[in-house]
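Subject: Structure handover

Hi,

Here is the structure for you to look through. My notes follow below it.

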Amino acid sequence: MHLPAEISENVLMGPMTSYSIGGPAKYYAKPAEQEILIRILQWAFDNGVQTFILGGGTNILVSDRGFEGLVVHLKDLDVKPVEINENGECTVGAGTMLTPFVRHLAGRGFSGMEDLIGIPGTVGGALIMNAGAYTQEINQSLIFVDVLTENMRVKRVKKEEIGFQYRSAPGLKGKIVLSSKFRFTPGDPQKLMTRVREVTAMRRDRQPLKWHSCGSVFKRPPGDYAGRLIEAAGLKGTSVGGAEISDKHANFIINRGNASASDVIELIRIAKRRVEEEFSVSLQREVSLIGFKKKEIQDT
């Protein structure tokens, strides 16, 4: 099978993820232009190669074996300096990193995302999972998203067509985010930067940021918090191999330096089982599992 020049083989995925865990991608590409992206995806389709779209590498756990397909890394795709017009509107490439973008907005005096400071990953990835924190979600300031559809066509999807839900964006499923347009509200730069510093401090105080992790492992159950339930089940500090349920925030499973994906999976299974046994609450994973066989992730 002939490989396009832009595709590499057997590239280790661990260093590309916030967990710093994961084996190699059989094929890997990091296109910087839309035309190259389409050519690579067309090659994968023509050759029956499974494809995974990687953004900032957050909110995922990659199998120790890696991924037996093509990983398309969009971190560099059409990333340009962010320009905001007088109406507070701006178009942002999917590979733009979220936290620097949020800080830029606040410093310029535009409100709408300041509570999202510190959420790792790209703007495109944040849209796919409808990232949110405290009083805000990324969809609230959104106007539209330009996506690449399954048949390799660029399509503009309006916010109201996406059907955003808690930590999900049904209308973006199966599509690749290319760019998005937002409209932000003018505000006082000093007050906005004060809020940015407050949220940053709260994250530092409440989350185990010095360790590699995927962020929150489970979604928030209705009327409660996954971290509270896991802590109430007595699981803070529980470890398997090099992975541990954080003693700072129980909805974080951290990599203490030598954790394997199977270590993390076992802790996910333990937390889910114990919370269901003690509180009759079925926790739902927020972290996506990449490259695993079905039998490996049963009961997670």
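Asp-146 has Arg-156 in strand 11 as its bridge partner. Strand 10 (residues 142-148) and strand 11 run antiparallel and are joined by five bridges. Strands here are DSSP E runs of at least two residues, helices are H or I runs of at least four, and both are numbered from the N terminus. Two strands pair if DSSP finds at least two bridges between them.

This is a predicted model: local features need pLDDT of at least 70, side-chain atom pairs count only at pLDDT 80 or more, and totals for chains, interfaces and linings use all residues. Residues are numbered from 1 along each chain as its sequence is written, and side-chain values use heavy atoms, leaving out hydrogens and water.

Now the sheet. It is open, with four strands in the order 6-12-10-11 and antiparallel pairing. Strand 6 (89-93) and strand 11 (154-158) are the edges; each has a single partner strand, so one side of each has no neighbour in the sheet.

Next, the active site. An unreviewed UniProt entry places this feature at Arg-167, Ser-216 and Glu-286. UniProt positions follow the numbering used here, feature names are shortened, and annotations may be inferred rather than shown by experiment. These residues are spread over 120 residues of sequence, yet they cluster in space, with a largest C-alpha distance of 11.3 Å.

Is Arg-167 buried or exposed? Arg-167 counts as buried, at 15% relative accessibility. Ser-216 is partly exposed, at 25%. Buried means under 20% relative accessible area, exposed over 50%, partly exposed in between (1.4 Å probe, protein chains only).

Best wishes
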